[in-house]
Amino acid sequence: MTETDRTARAAVPERPSLDGIEETWARRWQEDGTYAFDRARPTVPGRGAASDAPSRTGRRSDVYAIDTPPPTVSGELHMGHVFSYTHTDVVARFQRMRGRTVFYPMGWDDNGLPTERRVQNVYGVRCDPSLPYDPDWRAPEAPVGEAARKDPTPVSRRNFIELCERLTAADEQVFEALWRRLGLSVDWSLTYTTIGSAARTASQRAFLRNLARGEAYQAEAPTLWDVGFATAVAQAELEDRERPGAYHRLRFTGPGGREVLIDTTRPELLPACVALVCHPADERYADLVGGTARTPVFGVEVPVRAHPLADPAKGTGIAMVCTFGDLTDVTWWRELQLDTRVVIGRDGRLLPDAPAGVPAQPYAALAGQTVNGARRTLVGMLADAGDLVGEPRPITHPVKFYERGDRPLEIVSTRQWYLRNGGRDAGLRDELLARGGELRWVPEHMRHRYAHWVGGLTGDWLVSRQRFFGVPVPVWYRLDDAGEPDWSQPLTPAESALPVDPSTDAPPGFEESQRGRPGGFVGDPDVLDTWATSSLTPQIAGGWETDPELFAQVFPMDLRPQGQEIIRTWLFSTVVRAHLEHGMLPWRDTVLSGWILDPDRKKMSKSKGNVVTPMALLEQHGSDAVRYWAANGRPGMDLAFDPAQIKVGRRLATKLLNASRFALGLGAADALRAPATEPLDRAMLAELSGVVAAATSALEAYDHTAALQVAEAFFWRFCDDYIELVKERAYGSGPGADSARAALATALSVQLRLFAPVLPFATEEVWSWWRYGSVHRATWPTTYEVDRAVQGAGEPELLRLAADALGQVRRAKSERKLSMKAEVPLAEALGPAALLEQLTVIADDLRAAGRIAKLDLLPDRTPELVIACAF
């Protein structure tokens, strides 16, 4: 394509259509670099230089940087994605037209459990890290059958990771195609992946710096554990699900044979019991505190302690503390400094050997059983011993799950990596709360969710995971002469060596032959939590430490758009990383999305089977129509999926084509920047000036819905009233016709730009008929621009008066079943004298539009305007 081809104006088509314009303009935008980030634009003096300590004053003043959410490519894009990403694109397009150099990258979140699970299901494999890499192994044709999924083929970690990379690369192409079809104005040259080299380097660098500053640490501690996925889970990834259960009343024995009754939903944890606990003010058990009680079946003596978390109204008012049944057990264990008796292993089964102090003989009946099996066995043993009081009482209660898991979480003791996040440091907690106060929240009430989450943290951020497709924890451990690792002194790489994989790379000063040998080393087998990488998206996209010039231009960023459900994960974790590394917020504003609801006002989700995928809708109705639907949902507000609303958007985009063709057919293209001199033309432009002000103000406040509503309402008045009122004059010649064409030209130019952020394809199509370049690189309309086109003052009420009068004439014809082109021999205008005096100013346009032969004005006959038509 030559430069002349790119800048030439297209002819106005005889029959304009929305069909096919997405492919045409998506290709053209890519070829022309319409949305490319121009990092070479001149900077404001004294700004834009690289800096080790970025600040708002170190940013280029013309840059607007967006920390775009990287969608999880292991899933399927749905209307919720279209909804929220359209909102962000509207912001990007608006800021670009305001003269900002928009940094708008796209990332793909492709590491972690969702990708692993998808690979397992598609290829029928499972990862076995003990297997050697097989360079000749070939994956089966995908997708495999149900039998292969139930009996997956074990493959080495490296083979498994190669499959993950292969599948995500294919998924990313599908996602990109849909985003391009939707018209997202991202700069595709800035695309990154959360498992790519740049992301791994940034993630490992940040972790090593956290470690060097003492913000990252390793500890053996009770850990929330997903048995199905065999990995640790962080507090932010929990969700409560209502599940059936039962209260079992157990008989413990106190001093002197006293009966102490305990209600529990987890009798299988009886061999893990380390104490009984009651409330300090509970007089029923005051005499027991400080003494001991004996467990049923096992006869283990455990202390009785008091703690304020014990609820006197729950069950019998006294509870058994087990290591570990739930998070409250962990709190009691830690604060009361109790013993540890772990009975559940990482596989979700009871360990083969009884814990210290527990008799082996009764425990042997439980060893190796699943939790549910052990529960049934132990309830039978309690009943046989006469220590089960009454029948189990069925209940429904909340049980903690990993948000992606399908089995209840257990709490097991494991060695994990943690990152300080204020959960155990009041000073850091206050600093992070203050950061939330500095951030601009849209909508404002979402700020409270952040504060509630930070204020309720009970522990630091667990960042290690026992999975495979993720960013490796970049440390090794020395092995002593007995081959045991020295956890206290991890070996770390130089930042210049990143990224590293400790499972295949040797640490500095060692050779690969020393791996696993006494006196040698062993690599950390874990990967970092996916949020530990995603929390660095501003740094990854901005070229932190790898492109200092770019980083100084874009960091801290202007906007973080995201879902409200991940305030506690993505938003908070990103604030933590920027605070610890840079001492500042990573962005200035955050805009939170609402939910997409089905027609029954229920949240769409895959589990409910009510998700709607977008591609068919984009193909059927056009991208602008779907974007119009999305733009009708405000930030933080839920929006119902409504095909009828999409059809309204299609009608709007079609009308924009047709009305523009009509106006240009009247000669408007040659009248741009000419003055509007006639009263009705000045009135229309005066009202349009107010629309520009309102739409601009709304978009500055991230209220794209209000901006669209005010522009759309004016557009329909412009089409239905103003064009009808002036088209006869515009067909003619002389000053009146020149004024009409000038007003049409200004109005068309301004409205195309007002609609451009929401309807990018239709507006670009029309713009190409009569203007040079792209509408998306044109300047955003201003009230000064509109007012400058008005010669003299404009009175918006004149257009409303003319529309009212014309509407009455039309109704009169309609009631008589006459054509709108039918002549009206006589029309009488009745109303207050002042109103009719205004009507005289626009009477010629009213007569022409209504085909009125004679218009008589009869003042002060009625309190409001009445147009009486005689036929």
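I started with helix α27 (residues 843–850), which lies across β27 and β28 and runs at about 135° to β28. For the record, my helices (H or I, at least four residues) and strands (E, at least two) are DSSP runs, numbered from the N terminus. Contact here means heavy atoms within 4.5 Å. Axes are lines fitted to C-alpha atoms, for helices over the stretch in contact, and angles run from 0 to 180 degrees between N-to-C directions.

Before going on, I noted that this is a predicted model, in which local features need pLDDT of at least 70 and side-chain atom pairs count only at pLDDT 80 or more, while totals for chains, interfaces and linings use all residues. Residues are numbered from 1 along each chain as its sequence is written, and side-chain values use heavy atoms, with hydrogens and water left out.

What is the strand order in this sheet? I read β28-β27-β29, an open sheet of 3 strands with mixed pairing. Strands count as paired if DSSP finds at least two bridges between them. β28 (852–859) and β29 (866–870) are the edge strands, each pairing on one side only. Neighbouring strands are turned by 20° against each other on average, direction ignored. Helix α25 (residues 796–815) also packs on this sheet, where it touches β27, β28 and β29, and its direction makes about 35° with that of β29.

I then looked at one pair: strand β27 (residues 824–831) and β28 run in the parallel sense over 7 bridges. Leu830 sits opposite Leu858 of β28.

**Sheet β17-β24-β23**

This is another open sheet of 3 strands, in the order β17-β24-β23, and its pairing is parallel. β17 (440–442) and β23 (557–563) are at the edges with a single partner strand each, so one side of each has no neighbour in the sheet. β23 and strand β24 (residues 587–593) are joined by 6 bridges and run parallel. I looked up Leu559 too: its bridge partner in β24 is Asp589.

**Helix pairs**

α21 and α22: helix α21 (residues 704–731) packs on helix α22 (residues 735–755) at about 160°, with the axes 11 Å apart. That makes the two roughly antiparallel; my classes are under 35 degrees for roughly parallel, over 145 for roughly antiparallel, 65 to 115 for roughly perpendicular, and oblique for the rest. From α21 the contact includes Phe714, Phe715 and Phe718, and from α22 it includes Ala740, Leu744 and Ala747. By class I get 16 nonpolar, 3 polar and 3 charged residues. Ala, Val, Leu, Ile, Met, Phe, Trp, Tyr, Cys and Pro count as nonpolar, Asp, Glu, Lys and Arg as charged, and the others, Gly among them, as polar.

α19 and α23: the axes of helix α19 (residues 643–665) and helix α23 (residues 760–770) come within 9 Å and cross at roughly 15°, which makes the two helices roughly parallel. Among the residues that meet are Leu656, Leu657 and Leu664 in α19, and Val766, Trp769 and Trp770 in α23. The tally is 8 nonpolar, 2 polar and 2 charged.

α3 and α18: what angle do helix α3 (residues 79–97) and helix α18 (residues 623–631) make? I found about 90°, with axes 9 Å apart, and they are therefore roughly perpendicular. Val82, Phe83 and Val90 are among the α3 residues in contact, and Trp629 is one of those from α18. This contact divides into 8 nonpolar, 2 polar and 3 charged residues.

I found a cis peptide bond joining Thr323 and Phe324, with omega about 5°. Phe324 is in the loop between β14 (318–322) and α8 (327–335). The bond from Phe555 to Pro556 is cis as well, with omega near -5°, and Pro556 is in the loop between α15 (548–554) and β23.

Gln337 has a positive phi, near 55°, although it is a residue other than glycine. I located Gln337 in the loop between α8 and α9 (360–364).
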